[in-house]
Amino acid sequence: RSRLGAAFASWLGPLRSLVGGRVLLMSDRSNRATGEKSTPVLYNRTTYLDAQRRHFVGLKLAYRSAELRGAAWTMLVDDDTWVNVPHLLRYVRRLEPSRPLVVSHILDRVWLPRYPQALSGGAGM
């Protein structure tokens with residue numbers, strides 16, 4: 001779990017402290033020590049496609065999560081992504097949380113010819 005450890009050491013730990021621990025970590029297995037959660041749909045599923053599915057399952061879980069209920073913002077981040085927390089906080093302070101907003105890389109017809117636009121993420125977001 002070195003990538004998750006690096007995230008905790010660099011940006012996730014401080015962010016978790018700032019938001020009072022209201023962070024949902026999705027994984028292919030649950031781990032109380034790190035706070036990772038899994039579901040029967042995700043348990044022990046470790047392929048690339050499973051990781052992609054984890055995003056959608058995680059978003060559904062976050063929507064229903066008591067820990068995140070009432071949160072002004074929801075952020076989906078991979079464990080191989082670094083977040084500049086001070087910059088992120090400065091950015092969202094200028095925005096109105098009641099207005100829907102998605103920040104992402106958008107794949108266009110060049111990447112996905114059958115779809116006009118598709119949201120993408122990952123470390124290059």
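Helices (H or I, at least four residues) and strands (E, at least two) are DSSP runs, numbered from the N terminus. The model is predicted, so local features require pLDDT of at least 70 and side-chain atom pairs count only at pLDDT 80 or more, while totals for chains, interfaces and linings use all residues. Residues are numbered from 1 along each chain as its sequence is written, and side-chain values use heavy atoms, with hydrogens and water left out.

**View 1. Overall arrangement of the protein chain.** The protein chain holds three helices and four strands, in the order α-β-β-α-α-β-β from the N terminus. Of its 125 residues, 22% count as buried; buried means under 20% relative accessible area, exposed over 50%, and partly exposed in between (1.4 Å probe, protein chains only). Among the contacts (heavy atoms within 4.5 Å) with a separation of 6 or more, 37% join residues 24 or more positions apart.

**View 2. The largest nonpolar core.** A nonpolar core is a set of buried Ala, Val, Leu, Ile, Met, Phe, Trp, Tyr and Cys residues joined through side-chain atoms within 4.5 Å. The largest one comprises nine residues: L4, A7, W11, L12, L15, V23, L25, V83 and V85. Helix 1 (residues 2–18) gives the most to this core, namely five residues. With neighbours within four places in sequence set aside, W11 contacts M75, V77, T81, W82, V83 and V85. A second, separate core has six residues, including L24, M26, V57 and A62.

View 3. Helix 2 (residues 48–64) has 17 residues, which at 1.5 Å a residue should span 24 Å; its end C-alpha atoms are 25 Å apart, in agreement. The expected span is 1.5 Å times one less than the number of residues. The buried residues of helix 2 are D50, R54, V57, G58 and A62, and their cover includes strand 1 (25–26). T39 lies in the loop between strand 2 (36–37) and helix 2. T39 counts as buried because its relative accessibility is 16%. Apart from neighbours within four places in sequence, T39 is in contact with M26, V57 and L61.

View 4. A salt bridge is a side-chain nitrogen of Lys or Arg within 4 Å of a carboxyl oxygen of Asp or Glu. By this rule the count is one salt bridge, in which the side chains of D28 and R29 meet (3.5 Å, N to O). D28 is buried at 7% relative accessibility, whereas R29 is partly exposed at 37%. S30 is found in the loop between strand 1 and strand 2, and counts as exposed because its relative accessible area is 51%. Leaving aside neighbours within four places in sequence, S30 contacts E36, K37 and S38. The C-alpha atoms of S30 and N44, 14 residues apart along the chain, are separated by 9.7 Å.

**View 5. A nonpolar surface patch.** Patches are made of residues with over 30% relative accessible area and no salt bridge; like charges are joined within 9 Å, and nonpolar side chains (Val, Leu, Ile, Met, Phe, Trp, Tyr) within 5 Å. W73, Y91, L101 and V103 form such a nonpolar patch, with about 350 Å² of accessible area together. Y91 belongs to helix 3 (residues 85–93) and is partly exposed, at a relative accessible area of 31%.

Key: Areas by Shrake-Rupley, 256 points an atom, 1.4 Å probe, with all protein chains shown as cover.
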